[in-house]
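I'd like to walk you through some bonds and backbone details, so let me put the structure up.

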Amino acid sequence: MSQHDLTLIVGKNAPRDEINRVRHLIDGAWTDGNGEVFERHSPAHGTPVSLISKGNANDASDAIAAARCAFERGVWSDLSGKERATLLLKVADLIDENRPRIARLEVLESGKPISQALGEIEGAADIWRYAASLARTLHGDSHNSLGRDMLGIVLKEPIGVVSIITPWNFPFLIASQKIPFALAAGCTCVVKPSELTPSTTAILGELLIEAGLPAGVVNIVNGFGDPVGSVLTTDPRVDMVSFTGSTAVGKTIEKAAGDTLKKVSSELGGKNPQVLFADADLDSAIDAIVFGIYFNAGECCNSGSRIIVHEDILDEVISRVVSLSQKVPFGDPLDPETKVGAIIHDGHQQKINGYVREAVAAGAKIEIGGAPIQIDGLPGAFYGPTVVSGLTPDMPIASEEVFGPVLSVLTFRTMDEVISLVNDASYGLSAGVWSENIHTCLEFARRAQAGTVWTNTWMDGFPELPFGGVKESGQGRELGRYGLEEFLEVKTVQMRIGRTRANWI
Ligand code: NDP
(Lines give C-alpha, C1' and ligand atoms only; values in the text may rest on other atoms or scores of the structure.)
Protein backbone atom coordinates (compact mmCIF):
# COMPACT_ATOMS: atom_id res chain seq x y z
CA MET A 1 0.00 0.00 0.00
CA SER A 2 1.37 3.43 -0.86
CA GLN A 3 1.31 6.48 1.36
CA HIS A 4 -0.73 8.55 -1.16
CA ASP A 5 -3.69 6.90 -2.83
CA LEU A 6 -6.54 9.22 -1.97
CA THR A 7 -7.25 12.33 -4.02
CA LEU A 8 -9.96 14.77 -2.94
CA ILE A 9 -10.14 18.43 -3.93
CA VAL A 10 -11.37 20.86 -1.29
CA GLY A 11 -13.75 23.87 -1.80
CA LYS A 12 -13.02 26.78 -4.12
CA ASN A 13 -11.94 29.38 -1.50
CA ALA A 14 -9.52 27.00 0.10
CA PRO A 15 -6.05 25.83 -0.81
CA ARG A 16 -6.71 23.30 -3.58
CA ASP A 17 -4.58 20.54 -2.18
CA GLU A 18 -5.19 16.85 -2.29
CA ILE A 19 -6.12 15.50 1.10
CA ASN A 20 -3.00 13.87 2.39
CA ARG A 21 -3.51 10.27 3.50
CA VAL A 22 -1.32 9.52 6.49
CA ARG A 23 -0.77 5.88 7.40
CA HIS A 24 1.36 4.12 9.97
CA LEU A 25 4.79 2.90 8.94
CA ILE A 26 5.42 -0.45 10.60
CA ASP A 27 8.26 -2.78 9.69
CA GLY A 28 8.88 -1.01 6.39
CA ALA A 29 5.25 -1.11 5.17
CA TRP A 30 2.50 1.53 5.16
CA THR A 31 -0.53 0.20 6.97
CA ASP A 32 -4.03 1.29 8.03
CA GLY A 33 -3.55 -0.59 11.30
CA ASN A 34 -6.89 -1.13 12.99
CA GLY A 35 -8.64 0.85 10.22
CA GLU A 36 -9.82 3.84 12.29
CA VAL A 37 -9.10 7.32 10.88
CA PHE A 38 -9.41 10.97 11.88
CA GLU A 39 -9.09 14.28 10.01
CA ARG A 40 -6.90 17.33 10.40
CA HIS A 41 -8.12 20.70 9.10
CA SER A 42 -5.99 23.74 8.35
CA PRO A 43 -6.13 25.95 11.44
CA ALA A 44 -5.96 29.03 9.20
CA HIS A 45 -8.26 28.05 6.34
CA GLY A 46 -10.61 25.57 7.98
CA THR A 47 -10.24 23.16 5.08
CA PRO A 48 -9.45 19.45 5.39
CA VAL A 49 -5.75 18.71 4.98
CA SER A 50 -5.18 15.14 6.01
CA LEU A 51 -6.93 11.88 6.73
CA ILE A 52 -4.91 10.04 9.33
CA SER A 53 -4.89 6.45 10.54
CA LYS A 54 -5.71 6.48 14.24
CA GLY A 55 -3.46 4.04 16.01
CA ASN A 56 -4.51 1.92 18.94
CA ALA A 57 -2.50 -0.05 21.49
CA ASN A 58 -2.06 -2.98 19.09
CA ASP A 59 -0.65 -0.75 16.36
CA ALA A 60 1.80 0.75 18.85
CA SER A 61 2.75 -2.71 20.06
CA ASP A 62 3.33 -3.94 16.49
CA ALA A 63 5.60 -0.97 15.81
CA ILE A 64 7.60 -1.62 18.98
CA ALA A 65 7.94 -5.30 18.02
CA ALA A 66 9.31 -4.27 14.61
CA ALA A 67 11.79 -1.84 16.15
CA ARG A 68 12.90 -4.41 18.75
CA CYS A 69 13.34 -7.11 16.12
CA ALA A 70 15.32 -4.76 13.82
CA PHE A 71 17.56 -3.80 16.72
CA GLU A 72 18.20 -7.39 17.84
CA ARG A 73 18.97 -8.50 14.29
CA GLY A 74 21.58 -5.74 14.00
CA VAL A 75 20.33 -4.62 10.58
CA TRP A 76 21.21 -1.06 11.52
CA SER A 77 23.31 -1.14 14.68
CA ASP A 78 25.85 -3.50 13.08
CA LEU A 79 26.50 -1.12 10.19
CA SER A 80 29.67 0.95 10.26
CA GLY A 81 29.58 4.66 11.03
CA LYS A 82 30.43 5.28 7.40
CA GLU A 83 27.40 3.31 6.21
CA ARG A 84 25.07 5.03 8.67
CA ALA A 85 26.45 8.45 7.73
CA THR A 86 25.99 7.74 4.02
CA LEU A 87 22.30 7.05 4.55
CA LEU A 88 21.77 10.11 6.75
CA LEU A 89 23.40 12.30 4.09
CA LYS A 90 21.10 10.81 1.46
CA VAL A 91 18.08 11.64 3.62
CA ALA A 92 19.35 15.23 3.93
CA ASP A 93 19.51 15.50 0.12
CA LEU A 94 16.00 14.06 -0.20
CA ILE A 95 14.70 16.57 2.37
CA ASP A 96 16.17 19.36 0.23
CA GLU A 97 14.55 17.93 -2.90
CA ASN A 98 11.15 17.68 -1.19
CA ARG A 99 11.36 20.99 0.68
CA PRO A 100 8.37 22.75 -1.00
CA ARG A 101 6.08 19.75 -0.45
CA ILE A 102 7.10 19.30 3.17
CA ALA A 103 6.85 23.03 3.91
CA ARG A 104 3.37 23.33 2.40
CA LEU A 105 1.96 20.50 4.49
CA GLU A 106 3.67 21.90 7.56
CA VAL A 107 1.88 25.20 6.92
CA LEU A 108 -1.50 23.62 6.26
CA GLU A 109 -1.44 21.54 9.45
CA SER A 110 0.32 23.92 11.85
CA GLY A 111 -0.71 27.40 10.64
CA LYS A 112 2.88 28.66 10.52
CA PRO A 113 3.96 30.97 7.65
CA ILE A 114 5.33 29.40 4.49
CA SER A 115 8.57 31.42 4.49
CA GLN A 116 9.32 30.20 8.01
CA ALA A 117 8.39 26.60 7.17
CA LEU A 118 10.76 26.61 4.18
CA GLY A 119 13.54 27.85 6.48
CA GLU A 120 12.81 25.16 9.05
CA ILE A 121 12.97 22.37 6.47
CA GLU A 122 16.28 23.72 5.17
CA GLY A 123 17.55 23.81 8.76
CA ALA A 124 16.32 20.26 9.33
CA ALA A 125 18.34 18.96 6.34
CA ASP A 126 21.41 20.63 7.85
CA ILE A 127 20.80 18.79 11.13
CA TRP A 128 20.70 15.44 9.28
CA ARG A 129 24.08 16.32 7.73
CA TYR A 130 25.51 17.24 11.11
CA ALA A 131 24.25 13.98 12.64
CA ALA A 132 25.94 12.11 9.76
CA SER A 133 29.25 13.65 10.83
CA LEU A 134 28.66 12.38 14.37
CA ALA A 135 27.98 8.85 13.11
CA ARG A 136 31.52 8.75 11.70
CA THR A 137 33.24 10.25 14.72
CA LEU A 138 31.42 8.27 17.41
CA HIS A 139 33.95 6.71 19.79
CA GLY A 140 34.51 5.78 23.42
CA ASP A 141 37.60 6.09 25.65
CA SER A 142 40.63 4.04 26.55
CA HIS A 143 42.47 3.94 29.90
CA ASN A 144 46.12 3.10 29.51
CA SER A 145 47.28 4.14 32.98
CA LEU A 146 45.67 1.46 35.14
CA GLY A 147 48.92 -0.44 35.62
CA ARG A 148 51.20 -2.51 33.38
CA ASP A 149 48.91 -5.49 33.21
CA MET A 150 45.60 -3.72 32.70
CA LEU A 151 43.89 -1.93 29.84
CA GLY A 152 40.46 -0.36 30.20
CA ILE A 153 38.15 0.45 27.31
CA VAL A 154 34.89 2.36 27.47
CA LEU A 155 32.63 1.40 24.59
CA LYS A 156 29.71 3.50 23.41
CA GLU A 157 26.78 1.35 22.28
CA PRO A 158 23.32 2.24 20.99
CA ILE A 159 20.83 2.35 23.85
CA GLY A 160 18.36 0.20 21.88
CA VAL A 161 14.73 0.93 20.97
CA VAL A 162 13.73 4.58 21.38
CA SER A 163 10.18 5.98 21.52
CA ILE A 164 10.15 9.44 20.00
CA ILE A 165 7.13 11.60 20.84
CA THR A 166 6.88 15.00 19.18
CA PRO A 167 4.62 18.08 19.45
CA TRP A 168 2.77 20.23 16.90
CA ASN A 169 4.73 23.46 16.98
CA PHE A 170 7.80 22.40 14.93
CA PRO A 171 6.82 18.94 13.68
CA PHE A 172 9.53 18.30 11.10
CA LEU A 173 12.29 20.23 12.83
CA ILE A 174 11.83 18.55 16.20
CA ALA A 175 11.63 15.10 14.57
CA SER A 176 14.94 16.05 12.93
CA GLN A 177 16.45 17.00 16.27
CA LYS A 178 15.85 13.43 17.48
CA ILE A 179 15.65 10.79 14.73
CA PRO A 180 19.03 11.36 12.98
CA PHE A 181 20.87 11.35 16.32
CA ALA A 182 19.15 8.14 17.37
CA LEU A 183 20.08 6.64 13.98
CA ALA A 184 23.65 7.92 14.14
CA ALA A 185 23.96 6.10 17.48
CA GLY A 186 22.63 2.85 15.95
CA CYS A 187 19.23 2.83 17.67
CA THR A 188 15.88 1.83 16.20
CA CYS A 189 12.80 3.99 16.77
CA VAL A 190 9.06 4.23 17.05
CA VAL A 191 7.87 7.77 16.36
CA LYS A 192 4.55 9.28 17.40
CA PRO A 193 3.92 12.73 15.93
CA SER A 194 1.29 15.04 17.40
CA GLU A 195 -2.14 14.09 16.12
CA LEU A 196 -2.48 17.69 14.88
CA THR A 197 0.56 17.65 12.58
CA PRO A 198 1.48 14.12 11.46
CA SER A 199 1.88 14.57 7.67
CA THR A 200 5.46 15.75 7.46
CA THR A 201 6.68 12.99 9.75
CA ALA A 202 5.06 10.53 7.31
CA ILE A 203 6.93 12.21 4.44
CA LEU A 204 10.13 11.74 6.43
CA GLY A 205 9.22 8.04 6.64
CA GLU A 206 8.92 7.95 2.84
CA LEU A 207 12.31 9.58 2.45
CA LEU A 208 13.92 7.12 4.87
CA ILE A 209 12.57 4.22 2.81
CA GLU A 210 13.73 5.87 -0.41
CA ALA A 211 17.19 6.33 1.09
CA GLY A 212 17.33 2.59 1.81
CA LEU A 213 16.81 2.38 5.58
CA PRO A 214 16.19 -1.28 6.50
CA ALA A 215 12.62 -2.22 7.47
CA GLY A 216 11.72 -1.77 11.12
CA VAL A 217 14.51 0.69 11.96
CA VAL A 218 12.14 3.68 11.99
CA ASN A 219 8.45 3.02 12.57
CA ILE A 220 5.72 5.67 12.79
CA VAL A 221 2.42 5.28 14.63
CA ASN A 222 -0.14 8.08 14.36
CA GLY A 223 -2.72 8.85 16.97
CA PHE A 224 -3.17 10.26 20.41
CA GLY A 225 -1.21 10.32 23.64
CA ASP A 226 -3.78 7.88 24.97
CA PRO A 227 -3.35 5.08 23.92
CA VAL A 228 -0.36 5.31 21.52
CA GLY A 229 1.88 7.55 23.66
CA SER A 230 1.07 5.52 26.76
CA VAL A 231 2.14 2.25 25.14
CA LEU A 232 5.33 3.82 23.80
CA THR A 233 6.30 4.97 27.29
CA THR A 234 5.41 1.82 29.23
CA ASP A 235 6.20 -1.16 26.99
CA PRO A 236 9.17 -3.08 28.44
CA ARG A 237 10.64 -3.61 24.94
CA VAL A 238 11.39 0.14 24.75
CA ASP A 239 14.70 1.29 26.28
CA MET A 240 14.37 5.06 26.08
CA VAL A 241 11.81 7.81 25.52
CA SER A 242 12.73 11.06 23.81
CA PHE A 243 9.90 13.57 24.29
CA THR A 244 9.23 17.20 23.42
CA GLY A 245 6.06 18.86 24.63
CA SER A 246 4.41 20.30 27.70
CA THR A 247 5.86 20.00 31.18
CA ALA A 248 2.62 18.37 32.38
CA VAL A 249 2.85 15.53 29.85
CA GLY A 250 6.61 15.32 30.43
CA LYS A 251 5.98 14.56 34.10
CA THR A 252 3.35 11.95 33.17
CA ILE A 253 5.85 10.29 30.86
CA GLU A 254 8.60 10.30 33.51
CA LYS A 255 6.26 8.47 35.88
CA ALA A 256 5.00 6.04 33.22
CA ALA A 257 8.53 5.19 32.08
CA GLY A 258 9.73 4.80 35.67
CA ASP A 259 8.06 1.40 36.11
CA THR A 260 10.44 -0.14 33.59
CA LEU A 261 13.29 2.31 34.37
CA LYS A 262 13.54 3.64 30.86
CA LYS A 263 15.85 6.51 30.22
CA VAL A 264 13.79 9.66 29.52
CA SER A 265 15.10 12.66 27.67
CA SER A 266 12.65 15.56 27.68
CA GLU A 267 12.48 19.03 26.19
CA LEU A 268 9.61 20.81 27.89
CA GLY A 269 8.20 24.27 28.40
CA GLY A 270 9.80 27.60 29.19
CA LYS A 271 8.98 31.09 30.43
CA ASN A 272 12.05 32.62 28.93
CA PRO A 273 13.16 36.09 30.00
CA GLN A 274 14.98 38.67 27.91
CA VAL A 275 16.64 41.06 30.37
CA LEU A 276 17.34 44.62 29.24
CA PHE A 277 19.89 46.61 31.21
CA ALA A 278 19.86 50.41 30.93
CA ASP A 279 22.86 50.40 28.56
CA ALA A 280 21.28 47.92 26.10
CA ASP A 281 21.53 48.57 22.36
CA LEU A 282 17.79 49.16 21.97
CA ASP A 283 17.79 49.12 18.16
CA SER A 284 18.84 45.47 18.25
CA ALA A 285 17.03 44.52 21.46
CA ILE A 286 13.59 45.80 20.41
CA ASP A 287 13.72 43.83 17.16
CA ALA A 288 14.81 40.71 19.07
CA ILE A 289 11.96 41.16 21.56
CA VAL A 290 9.41 41.39 18.77
CA PHE A 291 10.96 38.38 17.00
CA GLY A 292 11.20 36.46 20.27
CA ILE A 293 7.52 36.80 21.13
CA TYR A 294 5.77 36.65 17.73
CA PHE A 295 7.91 34.01 15.99
CA ASN A 296 5.69 30.94 15.40
CA ALA A 297 2.84 32.98 16.94
CA GLY A 298 4.55 32.53 20.30
CA GLU A 299 3.86 28.78 20.12
CA CYS A 300 7.45 28.04 20.84
CA CYS A 301 9.20 26.53 23.85
CA ASN A 302 11.92 29.15 23.31
CA SER A 303 9.51 32.04 23.06
CA GLY A 304 10.89 35.17 24.74
CA SER A 305 7.58 35.48 26.51
CA ARG A 306 8.65 37.83 29.28
CA ILE A 307 10.96 40.81 29.20
CA ILE A 308 12.49 42.19 32.37
CA VAL A 309 13.40 45.82 31.76
CA HIS A 310 15.53 48.20 33.81
CA GLU A 311 13.16 50.80 35.24
CA ASP A 312 15.11 53.70 33.69
CA ILE A 313 14.27 52.57 30.15
CA LEU A 314 10.82 51.03 30.70
CA ASP A 315 8.72 53.72 28.96
CA GLU A 316 10.97 53.87 25.93
CA VAL A 317 11.08 50.06 25.62
CA ILE A 318 7.31 49.65 25.84
CA SER A 319 6.65 52.42 23.35
CA ARG A 320 9.16 51.04 20.83
CA VAL A 321 7.99 47.43 21.23
CA VAL A 322 4.37 48.51 20.69
CA SER A 323 5.32 50.54 17.64
CA LEU A 324 7.29 47.67 16.07
CA SER A 325 4.55 45.15 16.96
CA GLN A 326 2.16 47.11 14.75
CA LYS A 327 4.41 46.48 11.76
CA VAL A 328 4.64 42.68 12.08
CA PRO A 329 2.75 41.07 9.16
CA PHE A 330 0.16 38.75 10.71
CA GLY A 331 -1.84 37.00 7.99
CA ASP A 332 -2.57 34.03 5.74
CA PRO A 333 0.26 31.54 6.37
CA LEU A 334 0.38 30.71 2.65
CA ASP A 335 1.24 34.33 1.79
CA PRO A 336 5.03 34.58 1.42
CA GLU A 337 4.97 38.03 3.09
CA THR A 338 3.33 36.73 6.29
CA LYS A 339 5.54 36.49 9.38
CA VAL A 340 2.90 35.29 11.88
CA GLY A 341 0.15 32.82 10.97
CA ALA A 342 -2.68 31.03 12.74
CA ILE A 343 -3.01 29.64 16.26
CA ILE A 344 -2.97 25.83 16.29
CA HIS A 345 -6.68 25.45 17.19
CA ASP A 346 -9.63 27.35 18.68
CA GLY A 347 -9.24 25.79 22.11
CA HIS A 348 -5.67 27.00 22.30
CA GLN A 349 -6.74 30.48 21.19
CA GLN A 350 -9.21 30.53 24.08
CA LYS A 351 -6.47 29.43 26.48
CA ILE A 352 -4.25 32.31 25.33
CA ASN A 353 -7.10 34.79 25.65
CA GLY A 354 -7.93 33.41 29.09
CA TYR A 355 -4.46 34.34 30.37
CA VAL A 356 -4.88 37.89 29.04
CA ARG A 357 -8.39 38.37 30.45
CA GLU A 358 -7.29 37.03 33.84
CA ALA A 359 -4.36 39.48 33.91
CA VAL A 360 -6.61 42.41 32.99
CA ALA A 361 -9.02 41.46 35.77
CA ALA A 362 -6.06 41.50 38.18
CA GLY A 363 -5.12 45.06 37.15
CA ALA A 364 -2.67 44.54 34.25
CA LYS A 365 -2.47 47.05 31.41
CA ILE A 366 -2.82 46.02 27.76
CA GLU A 367 -0.33 48.10 25.78
CA ILE A 368 -1.45 46.60 22.45
CA GLY A 369 -3.69 43.75 21.28
CA GLY A 370 -5.22 41.48 23.86
CA ALA A 371 -7.83 39.86 21.61
CA PRO A 372 -8.35 37.50 18.65
CA ILE A 373 -8.16 39.14 15.21
CA GLN A 374 -9.76 38.45 11.82
CA ILE A 375 -7.49 37.88 8.82
CA ASP A 376 -8.86 38.51 5.31
CA GLY A 377 -12.04 36.62 6.05
CA LEU A 378 -10.16 33.43 6.90
CA PRO A 379 -12.16 31.35 9.36
CA GLY A 380 -9.17 30.24 11.44
CA ALA A 381 -7.95 31.33 14.86
CA PHE A 382 -5.59 34.33 14.83
CA TYR A 383 -4.48 36.26 17.93
CA GLY A 384 -3.28 39.85 17.72
CA PRO A 385 0.21 40.95 18.79
CA THR A 386 -0.14 41.60 22.52
CA VAL A 387 1.98 43.39 25.11
CA VAL A 388 0.88 43.37 28.75
CA SER A 389 2.46 45.52 31.49
CA GLY A 390 1.72 46.33 35.11
CA LEU A 391 2.32 42.72 36.16
CA THR A 392 3.63 41.05 39.26
CA PRO A 393 5.95 38.06 38.77
CA ASP A 394 3.53 35.62 40.39
CA MET A 395 0.64 36.28 37.97
CA PRO A 396 -0.05 33.26 35.71
CA ILE A 397 0.57 35.35 32.56
CA ALA A 398 4.03 36.25 33.88
CA SER A 399 5.03 32.84 35.19
CA GLU A 400 3.27 30.19 33.05
CA GLU A 401 3.75 29.17 29.42
CA VAL A 402 1.01 31.09 27.53
CA PHE A 403 2.21 29.72 24.17
CA GLY A 404 0.83 32.64 22.18
CA PRO A 405 1.88 36.07 20.85
CA VAL A 406 1.59 37.64 24.30
CA LEU A 407 4.52 39.49 25.84
CA SER A 408 4.68 40.05 29.61
CA VAL A 409 6.65 43.08 30.82
CA LEU A 410 8.33 43.14 34.25
CA THR A 411 10.91 45.55 35.71
CA PHE A 412 14.07 45.50 37.85
CA ARG A 413 16.73 47.81 39.27
CA THR A 414 19.74 45.66 40.26
CA MET A 415 21.54 42.54 39.01
CA ASP A 416 20.63 40.63 42.19
CA GLU A 417 16.98 41.53 41.76
CA VAL A 418 16.82 40.45 38.12
CA ILE A 419 18.69 37.20 38.79
CA SER A 420 16.19 36.32 41.46
CA LEU A 421 13.30 37.11 39.07
CA VAL A 422 14.89 34.92 36.39
CA ASN A 423 15.71 32.04 38.72
CA ASP A 424 12.48 32.07 40.73
CA ALA A 425 10.70 30.54 37.72
CA SER A 426 9.95 26.82 37.77
CA TYR A 427 11.24 26.69 34.19
CA GLY A 428 14.85 26.99 33.03
CA LEU A 429 14.98 26.61 29.25
CA SER A 430 16.60 29.79 27.96
CA ALA A 431 17.35 33.35 29.00
CA GLY A 432 18.83 36.42 27.34
CA VAL A 433 20.64 39.55 28.41
CA TRP A 434 21.06 42.87 26.62
CA SER A 435 23.88 45.15 27.75
CA GLU A 436 26.86 46.81 26.09
CA ASN A 437 28.96 45.85 29.14
CA ILE A 438 30.61 42.43 28.72
CA HIS A 439 30.97 42.07 32.50
CA THR A 440 27.21 42.50 32.94
CA CYS A 441 26.54 39.90 30.22
CA LEU A 442 28.97 37.36 31.64
CA GLU A 443 27.77 37.76 35.21
CA PHE A 444 24.20 37.24 34.03
CA ALA A 445 25.17 34.24 31.87
CA ARG A 446 26.88 32.54 34.81
CA ARG A 447 24.14 33.20 37.35
CA ALA A 448 21.02 32.52 35.22
CA GLN A 449 19.51 29.05 35.66
CA ALA A 450 18.88 28.08 32.04
CA GLY A 451 20.00 25.54 29.48
CA THR A 452 20.88 28.31 27.01
CA VAL A 453 21.84 31.94 27.65
CA TRP A 454 21.91 34.40 24.76
CA THR A 455 23.82 37.63 25.14
CA ASN A 456 22.85 40.49 22.80
CA THR A 457 20.91 38.11 20.59
CA TRP A 458 17.88 35.80 20.83
CA MET A 459 16.98 32.34 19.56
CA ASP A 460 20.03 31.71 17.43
CA GLY A 461 20.66 27.99 17.11
CA PHE A 462 23.18 25.67 15.49
CA PRO A 463 23.27 21.88 15.12
CA GLU A 464 26.69 21.99 16.82
CA LEU A 465 25.35 23.54 20.05
CA PRO A 466 23.41 21.48 22.59
CA PHE A 467 19.88 22.56 23.46
CA GLY A 468 17.74 21.66 26.46
CA GLY A 469 16.54 22.85 29.81
CA VAL A 470 17.07 22.71 33.54
CA LYS A 471 14.47 22.44 36.30
CA GLU A 472 10.95 21.90 34.86
CA SER A 473 12.12 22.60 31.32
CA GLY A 474 13.35 19.04 30.99
CA GLN A 475 16.30 16.71 31.17
CA GLY A 476 19.00 15.82 28.71
CA ARG A 477 20.12 17.65 25.61
CA GLU A 478 19.41 17.64 21.89
CA LEU A 479 21.83 18.64 19.14
CA GLY A 480 25.59 18.85 19.42
CA ARG A 481 27.70 15.91 20.59
CA TYR A 482 25.56 15.77 23.75
CA GLY A 483 22.52 15.12 21.55
CA LEU A 484 24.20 11.94 20.29
CA GLU A 485 25.33 10.88 23.78
CA GLU A 486 21.68 10.74 24.90
CA PHE A 487 21.16 7.71 22.65
CA LEU A 488 24.31 5.88 23.74
CA GLU A 489 24.93 3.39 26.52
CA VAL A 490 28.35 3.07 28.11
CA LYS A 491 30.02 -0.32 28.49
CA THR A 492 33.27 -0.81 30.38
CA VAL A 493 35.68 -3.51 29.18
CA GLN A 494 38.63 -4.35 31.50
CA MET A 495 41.38 -6.48 30.01
CA ARG A 496 44.24 -8.14 31.85
CA ILE A 497 47.44 -8.35 29.86
CA GLY A 498 49.37 -11.52 30.56
CA ARG A 499 48.70 -14.07 33.35
CA THR A 500 49.34 -11.62 36.19
CA ARG A 501 46.16 -12.06 38.18
CA ALA A 502 46.83 -13.45 41.65
CA ASN A 503 44.42 -16.30 42.37
CA TRP A 504 41.81 -15.58 45.06
CA ILE A 505 42.13 -19.09 46.46
P1 NDP B 1 1.43 17.84 24.83
O2 NDP B 1 2.61 17.92 25.71
O3 NDP B 1 0.13 17.45 25.41
O4 NDP B 1 1.71 16.83 23.61
C5 NDP B 1 2.99 16.58 23.07
C6 NDP B 1 3.03 15.15 22.54
O7 NDP B 1 2.87 14.21 23.62
C8 NDP B 1 1.92 14.85 21.56
O9 NDP B 1 2.42 13.97 20.56
C10 NDP B 1 0.92 14.17 22.44
O11 NDP B 1 -0.02 13.38 21.76
C12 NDP B 1 1.79 13.33 23.32
N13 NDP B 1 1.16 12.89 24.56
C14 NDP B 1 0.12 13.44 25.21
N15 NDP B 1 -0.16 12.73 26.33
C16 NDP B 1 0.72 11.70 26.37
C17 NDP B 1 0.95 10.61 27.28
N18 NDP B 1 0.22 10.46 28.37
N19 NDP B 1 1.94 9.75 27.01
C20 NDP B 1 2.72 9.91 25.92
N21 NDP B 1 2.54 10.90 25.02
C22 NDP B 1 1.55 11.79 25.25
O23 NDP B 1 1.24 19.20 24.10
P24 NDP B 1 -0.12 19.75 23.52
O25 NDP B 1 -0.06 19.52 22.10
O26 NDP B 1 -1.34 19.25 24.17
O27 NDP B 1 0.01 21.27 23.94
C28 NDP B 1 -0.38 21.68 25.26
C29 NDP B 1 0.54 22.71 25.79
O30 NDP B 1 1.86 22.18 25.86
C31 NDP B 1 0.71 23.94 24.92
O32 NDP B 1 -0.27 24.88 25.15
C33 NDP B 1 2.05 24.41 25.34
O34 NDP B 1 1.97 25.18 26.50
C35 NDP B 1 2.80 23.15 25.63
N36 NDP B 1 3.67 22.68 24.55
C37 NDP B 1 4.99 22.86 24.69
C38 NDP B 1 5.84 22.48 23.69
C39 NDP B 1 7.30 22.70 23.79
O40 NDP B 1 7.98 22.71 22.76
N41 NDP B 1 7.84 22.87 24.96
C42 NDP B 1 5.35 21.88 22.46
C43 NDP B 1 3.92 21.70 22.42
C44 NDP B 1 3.14 22.09 23.44
P45 NDP B 1 -1.38 13.97 21.19
O46 NDP B 1 -1.42 15.44 21.46
O47 NDP B 1 -1.29 13.65 19.76
O48 NDP B 1 -2.47 13.25 21.91
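Let me start with a definition: I call something a salt bridge when a side-chain nitrogen of Lys or Arg sits within 4 Å of a carboxyl oxygen of Asp or Glu. Before I use that, the ground rules. This is a predicted model, so local features need pLDDT of at least 70 and side-chain atom pairs count only at pLDDT 80 or more, while totals for chains, interfaces and linings use all residues. Residues are numbered from 1 along each chain as its sequence is written, and side-chain values use heavy atoms, with hydrogens and water left out.

Okay, salt bridges. With that rule, the count is 24. Take Arg-68 and Glu-72: they form one, and their closest N and O atoms are 2.7 Å apart. Both residues belong to helix H1, residues 57–73, and they are four residues apart, about one turn of the helix. Helices here are DSSP runs of H or I with at least four residues, strands are runs of E with at least two, and both are numbered from the N terminus.

Arg-68 is buried at 17%, whereas Glu-72 is exposed at 54%.

Arg-99 makes a salt bridge with Glu-122, with 3.7 Å between the closest N and O atoms. Arg-99 is in helix H3 (residues 99–110) and Glu-122 in helix H4 (residues 114–137), so this pair ties together parts that are 23 residues apart in sequence. Both ends are partly exposed: Arg-99 has a relative accessible area of 26%, and Glu-122 comes in at 46%.

Helix H3 turns up again with Arg-101. Its partner is Glu-206, and the closest N and O atoms of that salt bridge are 3.1 Å apart. Glu-206 lies in helix H6 (residues 199–211) and Arg-101 in helix H3, so here the pair ties together parts that are 105 residues apart in sequence. Glu-206 is buried at 17%, while Arg-101 is partly exposed at 31%. There is also a network of salt bridges, linking Arg-21, Arg-23 and Asp-32.

Now the cysteines. How many disulfides does a search of the whole structure find? Zero, taking a disulfide as a pair of cysteine sulfur atoms within 2.5 Å. Cys-300 is in no disulfide either, and its nearest cysteine sulfur, in Cys-301, is 5.2 Å away. Cys-300 is buried, at 4% relative accessible area, and Cys-69 is partly exposed at 39%.

Last topic, the backbone. Asp-226 and Pro-227 are joined by a cis peptide bond, with omega about 15 degrees. Pro-227 lies in helix H7, residues 225–234.

Then there are positive phi angles. Asn-456 is not a glycine, yet its phi is about 55 degrees. You'll find Asn-456 in the loop between strand E22 (452–455) and strand E23 (470–471), partly exposed at 31%. Lys-471, also a residue other than glycine, has a positive phi near 55 degrees. Lys-471 is in strand E23, and at 38% relative accessibility counts as partly exposed.

That's it from me.

Terms used. Buried means under 20% relative accessible area, exposed over 50%, partly exposed in between (1.4 Å probe, protein chains only).
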